[in-house]
Amino acid sequence: MLRAENITAGYGSRTILEDISFEIADGERFIVLGESGCGKSTLMKAIIGLNPPTEGKIFFKDEEIVHPLPEESDFYKKIGILYQSSALLNSLSLEENVMLPIIMHYPDFNTSIARDMALEKLAMVNLYAHRDKFPQELSGGMKKRGALARALVMDPDIIFFDEPQAGLDPVTARDLDVLFIKLNEQLKTTYFIVTHELLSIRRTAQKVLMLADKKVLFYGTFEEAMKSDVFKVKRFFNVDKYSK
Ligand SMILES: Nc1ncnc2c1ncn2[C@@H]1O[C@H](COP(=O)(O)OP(=O)(O)OP(=O)(O)O)[C@@H](O)[C@H]1O
Ligand SMILES: [Mg+2]
């Protein structure tokens, strides 16, 4: 689905990530983890082109993606993005928010079909009954689910999530994980998830990429990560045992 080769990224003259390579298989739940400030969001921004890499190559379904891509590029029609803040527009109802990607990418699209597509996704995330509400009338968890419906609305091949669990209580966070897994299995959508929530990683991770000191500290399956002898990996998963 996605392959990154020797990615270097940063801000101005400051390098944050160096020589990052990985591959994400079709339908895989791929987790990027690491301590705060290690560059997880920077990696996501480099891949989607918000802050393009200065070196390296990105392949999406074996086709090279060279940023900056024009906004109307097919790449943006085939990916979904869920930002940490949910980023729903306050002036639009939930239903209109979910329709937004369709209307933005296909201005001539039949509105009633777009509405049906939005309602179908709102039903999937259990928000159909709240479709006419505005974002300020929704709880944090509902906003996250609404943003998920919006990310799903064009049936993307891959969804990029930045800290989807941030700010949620453990019960809501678990419900969201269960929903992620259900939709991943149902729709076969590939997930690129940035997170440092241990419980969430345990539930959802299939492959993990751990970043530290600008580099890849660990890349492999979740089971391999659990057995890793690398100190920082062990400490991340068992912080009380390995911290002084
Ligand atoms: N827009 C920006 N301009 C300049 N520096 C930035 C910018 N965004 C992030 N940085 C710097 O890049 C480094 C990595 O930040 P990044 O947001 O990628 O970390 P992160 O791993 O996502 O952290 P967190 O878990 O706290 O979200 C940090 O040192 C940060 O200060
Ligand atoms: Mg971040």
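Is I113 buried or exposed? I113 is exposed, because 10 other C-beta atoms lie within 10 Å of its own. The terms are as follows: a residue is buried if 20 or more other C-beta atoms lie within 10 Å of its own, exposed if 12 or fewer, and partly exposed in between, with C-beta atoms placed from the backbone.

**Before going further**

This is a predicted model, in which local features need pLDDT of at least 70 and side-chain atom pairs count only at pLDDT 80 or more, while totals for chains, interfaces and linings use all residues. Residues are numbered from 1 along each chain as its sequence is written, and chains are lettered from A and ligands numbered from 1 in the order in which they are written.

**Stop 1: the whole chain**

Display the protein chain as a cartoon. The chain has 10 helices and 10 strands; these are DSSP runs, numbered from the N terminus, with helices being H or I of at least four residues and strands being E of at least two. The C-alpha trace spans about 55 × 40 × 30 Å along its principal axes. A compact globule of 244 residues would have a radius of gyration near 18 Å, and the protein chain agrees, with 18 Å. (That radius is taken over C-alpha atoms, and the globule rule is 2.2 Å times the number of residues to the power 0.38.) Of the 244 residues, 36% count as buried. Among contacts between residues at least 6 apart in sequence, 64% join residues at least 24 apart; two residues are in contact if their C-beta atoms, placed from the backbone, lie within 7 Å.

**Stop 2**

Select ligand 1 and the residues around it: Y11, I16, G34, S36, G37, C38, G39, K40, S41, T42 and H196. A residue belongs here if its C-beta atom, placed from the backbone, lies within 6 Å of the molecule. By class, this shell has 3 nonpolar, 7 polar and 1 charged residues. (Ala, Val, Leu, Ile, Met, Phe, Trp, Tyr, Cys and Pro count as nonpolar, Asp, Glu, Lys and Arg as charged, and the others, Gly among them, as polar.)

Which helix gives the largest share of the shell? The answer is α1 (residues 40-48), with 3 residues. The buried residues are K40, T42, L43, M44, A46, I47 and I48. Just after α1, G49 takes a positive phi of about 95°.

**Stop 3: the sheet**

Select β6, β7, β8, β3, β9 and β10. In that order, these 6 strands form an open sheet with mixed pairing, where two strands pair if DSSP finds at least two bridges between them. The edge strands are β6 (79-82) and β10, each of which pairs on one side only. The twist averages 15° from one strand to the next.

Within the sheet, β3 (residues 29-33) and β8 (residues 190-194) run parallel and are joined by 4 bridges; I31 has I193 as its bridge partner in β8. Helix α5 packs on this sheet, touching β6 and β7 (158-162), and its direction makes about 165° with that of β6. (Axes are lines fitted to C-alpha atoms, for helices over the stretch in contact, and angles run from 0 to 180 degrees between N-to-C directions.)

Next, show the side chains of β6. I79 and I81 point one way, G80 and L82 point the other way, and all are buried. Strands β6 and β7 run parallel, joined by 4 bridges, and the bridge partner of I79 in β7 is I158.

**Stop 4: helices α3 and α4**

Select α3 (residues 94-105), whose buried residues are L94, E95, N97, V98, M99, P101 and I102. These buried residues pack against α4 and α5. Return to I113, which is in helix α4. I113 and M99 are 14 residues apart in sequence and 9.7 Å apart in space, C-alpha to C-alpha.

**Stop 5**

- Select P68, in the loop between β5 (63-65) and α2 (74-78). A cis peptide bond joins H67 and P68, with omega about 0°.
- Select N126, in the loop between α4 (111-124) and α5 (140-152). N126 has a positive phi of about 60° although it is not a glycine. This residue is partly exposed, because 13 other C-beta atoms lie within 10 Å.
- Select K214, in the loop between β9 (207-212) and β10 (215-221). Phi of K214 is near 70°, a positive value in a residue other than glycine. K214 is partly exposed, because 17 other C-beta atoms lie within 10 Å.
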